[in-house]
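Here is a short report on one protein structure. Have the sequence and the 3D view at hand while reading.

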Amino acid sequence: MAKSQALNLGIDGLRLYRGYLDREAQAAMVAQIRQVCAAAPPFTPRMPKSGRPFSVRMTNCGVLGWVSDENGYRYQATHPETGQAWPPLPQALARIWGEIADYPCVPEACLINFYRASAKMGLHQDRDERDFAAPVVSLSLGDSCLFRVGGMRRSDPTRSFRLDSGDVVVLGGAARLAFHGVDRIYPGTSTLLTEAGFSEAGSGLGRPKGTGRINLTMRRVTTPDTVAAEPALNGRS
Ligand SMILES: O=C(O)CCC(=O)C(=O)O
């Protein structure tokens, strides 16, 4: 696995690790995501109240998964369509968290977003978790995107930068509740998903087969009652 130094972009609490995963590790991660999709098929989330569909498709792994529909945003232990428990968090993802989250407990949820060429994600805060002391750790795979991040208020000034396949972003500390989103995908900027044979049918990604972007965000949802009872994952020991 490639490791890289965190870049300081001048946003307190935001760390960007360019090329955190090398190509081989990215391909191995895509293979793991395919297995997650086989057990927990991607679904189209809907906006609370209006029921308007998101442009991204989603699934989850971990003990909890994030879902959205007419009843609101929430974490739940089961897939909204199959009713089955989410598949476990792959060890390779838990390892990344352990190496850079600087938090003593395992992530409980990993939301997996599938972006086809035209998909985007509007500015939002990740605030459905109870424990904001834990960061959100996000891995990009496949086509590059333009990522935007602002402050604690939607109206705060924002900055945009490109995220490429293998990059990892940590939103922690002062940036934990920063508004952020994805303005656009740059189609055809990566061959990762094509070469990994990622199936369009499973992922909901756009044509040609395998293009698009996958984003994984690991989150701690609940506040740990007894930190000592949790397996420590800090890779820096
Ligand atoms: O796709 C990304 O890079 C961001 C995803 C995101 O903001 C989210 O899942 O809350």
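## Helix H2 and what follows

The model is a predicted one.

H2 itself covers residues 91-100. Its buried residues are Leu93, Ala94, Ile96, Trp97, Gly98 and Ile100. They pack against five strands named here: E2 (14-17), E6 (109-115), E8 (136-142), E11 (168-171) and E13 (213-219).

## Helix H1

H1 runs over residues 23-39 and has 17 residues. From its first C-alpha to its last it reaches 25 Å. That is close to the 24 Å expected at 1.5 Å a residue.

The buried residues of H1 are Gln26, Met29, Val30, Ile33, Val36 and Cys37. Seen down the helix axis, these residues fall within an arc of 115 degrees, so they line one face of H1. The face turned away from this buried side carries exposed residues: Glu24, Gln35 and Ala38.

## The nonpolar core

In soluble globular proteins, nonpolar side chains tend to be buried together. The largest nonpolar core here has 59 residues. Leu93, Cys110, Ile112, Val137 and Val168 touch the most other members. Strand E6 gives the most to this core, with six residues.

Take Ile112. Its neighbours within four places in sequence are left aside here. Ile112 is then in contact with Ile33, Val36, Met58, Thr59, Asn60, Ile214 and Leu216.

How values were computed: Residues are numbered from 1 along each chain as its sequence is written. This is a predicted model: local features need pLDDT of at least 70, side-chain atom pairs count only at pLDDT 80 or more; totals for chains, interfaces and linings use all residues. A residue is buried if 20 or more other C-beta atoms lie within 10 Å of its own, exposed if 12 or fewer, and partly exposed in between; C-beta atoms are placed from the backbone. Helices (H or I, at least four residues) and strands (E, at least two) are DSSP runs, numbered from the N terminus. Two residues are in contact if their C-beta atoms, placed from the backbone, lie within 7 Å. The expected span of a helix is 1.5 Å times one less than its number of residues. The arc is that of the directions from the helix axis to the C-beta atoms. A nonpolar core is a set of buried Ala, Val, Leu, Ile, Met, Phe, Trp, Tyr and Cys residues joined through C-beta atoms within 7 Å.
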